[in-house]
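Please keep the structure open as you read.

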Amino acid sequence: MTCAQAAKTSPLVNEFLRAGKAADCPVIDAHAHYGPYQGVYFPKPDGAGMLEVMDRAGVRLCISAPHAALVEPRRGNPVIVEAARAHPGRFLAYLSVNPNYPRELAEDVAGLDQRDSSIVGIKMHPGWHEYPLSGPNYAPAFEWAQANRFPILSHTWGHSPTCGPQEVRKVAERYPDVPFLMGHSCFGEFEEAIHLAATFPNVYLELTAAYRVSGLIERMVAIAGSTKVLFGSDLPWFDEHFGIGCIIMSHISDDDRRNILYRNAERVFGIEPAKDA
Amino acid sequence: MEFFDCNVYYGKPPVPTYRIAPTVADLLAEMDWNGIGEALVTSAQQRYDDPVTANSQILRDCAGEPRLHPTWVILPCQTGEFPGPDALATALRQAQVKALWAFPSRNKYLLDRNTFGPTLELLSDLQVPLFISLTDSSGPYSGWALMSAILADFPRLTLVAADQDCWGQDRFFRPLVEKYPRFYFDVYEFELAHGYKDYCDKYGPDRMLFASGFPGINMGAQMFNLLHADIREDWKEAIAGGNLRRLLAEVKL
């Protein structure tokens, strides 16, 4: 190919461009899903298909919430725990919760005391469930996470009444010990999301879909710092190479790239570093 | 791999992303950073200001820069702002412009037979690619419905559906690929997992055109995605630039 100047500035970029991955940069995908879904044609949404993508892109593991769990948590949550068992070290699980079934939510969260070791976070989707992030039905999840310093990944979107930056600010102030990942970084209200991540030590920018916006990663790194930004992909929606390409080709340092691609996820989720890294 | 970007623009849009290319020199620098060899370009002025003035300006901006290939934005000929079918071929030949864009809703016209009949028949004869953004609309038609309506009326037109969004579009574009041999689409935000392989194994790579989407999109995203797609190298070469080079070579000016 026409030689990318970026490759001349960094051995890491050069290796990713050459091989599509780098052995000493074992990527962690902090925002993945699993299984088929109504709204799109997925060629291979199962575990084997996701692993093919992950292997090509040098993704060590995905932290996933099955689509079925976003519709009906008690049907979908076991799916990803099973996948984690079937593919040790490749999948970790979010416990998805639905605030429109508050009794089940409270019971499921209480059950986290005896959770499977693959469950490393809670997944919320206030937009899909049409329920505000700061609403009382989510409180049992936040309170358990606060008591246990347990990560929460929530879908966030700019100008959304249920999961925009104003809602994130409320829960960030209320639950300062919860590592809170803003899924999609409040897409469309990025300045507010970056400000939240810079202001609250427990709030992080998660890059799914947002990675594409030209220059955004540089802006996040400059204002919030690369220790506050995590890679995610929405796999099987998106090929991880697209998002990784955004990080690799951004005008940031290799240290920043490594923070975003795996170091921050290791720290936030308590994941043992890979031997090669 | 020789990347030839079919969807990129320079200039200062009214609402910029964080990283733009205000000038042609800035655009070339970004292309160098990402290893993009050539590009079919428009300007922010063409997209957001007066296309008539901007269609002339882009020729001056790109003069002497062989890596950049200017395009024009079309308007209805009835107002005298854009050449009618009688003069269009000569104007394109003189300017060496081999691709056109249409923004019907932004420029407030109907992209239909009443307004553009003879022009679109001419473009079909000349095999000049017409890029239409999937974010645009014309009367009751928008997005893929607009592509479908235009192709139904002008099935020989070399139509490129541009700017597809990231949420898997195969259910929309595959029927058009099957029915219209001159239908193409750019890969803009095409990032479906297994998307390249699943599509190309069934249809081949010939209808896909590489597009970075810069400055809306990080220029390295689709380059990196295609570079490491799990398809044959010659298919990647075709999508990266071969298909666009072939299309431009087929233009009969």
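1. Start with how chain B holds together across its sequence. Take the contacts in chain B between residues at least 6 apart in sequence: 75% of them join residues at least 24 apart. Chain A can be read in the same way. There, residues 24 or more positions apart account for 74% of the contacts with a separation of 6 or more.

2. **Confidence.** Keep in mind that this is a predicted model. The predictor gives the complex an ipTM of 0.96 and a pTM of 0.96. For chain B, the mean pLDDT is 97. In that chain, 100% of the residues reach 70 or more.

3. **Chain B as a whole.** Chain B has ten helices and eleven strands. The C-alpha trace of chain B spans about 50 × 40 × 35 Å along its principal axes. Of the 253 residues, 51% count as buried.

4. **Chain A as a whole.** Chain A has 13 helices and eight strands. The radius of gyration of chain A is 18 Å, close to the 19 Å of the globule rule for 277 residues, so this chain is as compact as a globular protein of that length. Along the principal axes, the C-alpha atoms of chain A fill a box of roughly 55 × 40 × 35 Å. Of the 277 residues of chain A, 58% count as buried.

5. **A sheet in chain B.** Look for an open sheet of six strands in chain B. The strand order is β4-β5-β6-β9-β10-β11, and the pairing is parallel. Which strands are at the edges? They are β4 (72–73) and β11 of chain B, and each pairs on one side only. Now zoom in on one edge. β4(B) pairs with β5(B) in the parallel sense, over two bridges. Val73(B) has Trp101(B), in β5(B), as its bridge partner. As background, strands of a sheet pair through backbone hydrogen bonds, either parallel or antiparallel.

6. **Where the chains meet.** How many residues of chain A are in contact with chain B? There are 36, and they are in contact with 37 residues of chain B. On the side of chain A that touches chain B, α1 (5–9), α3 (47–57), α11 and α12 each supply at least two residues. α12(A) gives the most, with seven residues. By class, this side of chain A has 21 nonpolar, nine polar and six charged residues.

7. **The nonpolar core.** The largest nonpolar core has 178 residues. Which members touch the most others? They are Leu205(A), Leu130(B) and Phe210(B). Set aside its neighbours within four places in sequence, and its contacts include Met182(A), Ala193(A), Ile194(A) and Ala197(A). Met220(A), Ala224(A) and Val229(A) are also among the contacts of Leu205(A).

8. **Two cis peptide bonds.** In chain A, the peptide bond from Leu235(A) to Pro236(A) is cis, with omega near 15°. Pro236(A) sits in the loop between β8 (229–230) and α12 (240–249) of chain A. In chain B, the bond from Phe214(B) to Pro215(B) is cis, with omega near 10°. Pro215(B) sits in the loop between β11 (208–209) and α9 (219–227) of chain B.

9. Ala209(A) is not a glycine, yet it has a positive phi of about 70°. Find Ala209(A) in the loop between β7 (203–206) and α11 (216–223) of chain A. Lys108(B) is a residue other than glycine too, and its phi is near 55°. Find Lys108(B) in the loop between β5 (100–102) and α5 (113–126) of chain B.

10. Is Ala209(A) buried or exposed? Ala209(A) counts as buried because it has 24 C-beta neighbours inside 10 Å, and the cut-off for buried is 20 or more. Now take Lys108(B). Lys108(B) has 9 other C-beta atoms within 10 Å, so it is exposed; the cut-off for exposed is 12 or fewer.

Technical notes:
Residues numbered from 1 in each chain as written. Chains lettered and ligands numbered in written order. Predicted model: local features only at pLDDT ≥ 70, side-chain atom pairs only at ≥ 80, totals over all residues. Helix = DSSP H or I, 4+ residues; strand = E, 2+ residues; numbered from the N terminus. Contact = placed C-beta atoms within 7 Å. Nonpolar A, V, L, I, M, F, W, Y, C, P; charged D, E, K, R; others polar. pLDDT = per-residue confidence, 0-100. Pairing = 2+ DSSP bridges. Rg over C-alpha atoms; globule rule 2.2 N^0.38 Å. Core = buried A, V, L, I, M, F, W, Y, C linked by C-beta atoms within 7 Å.
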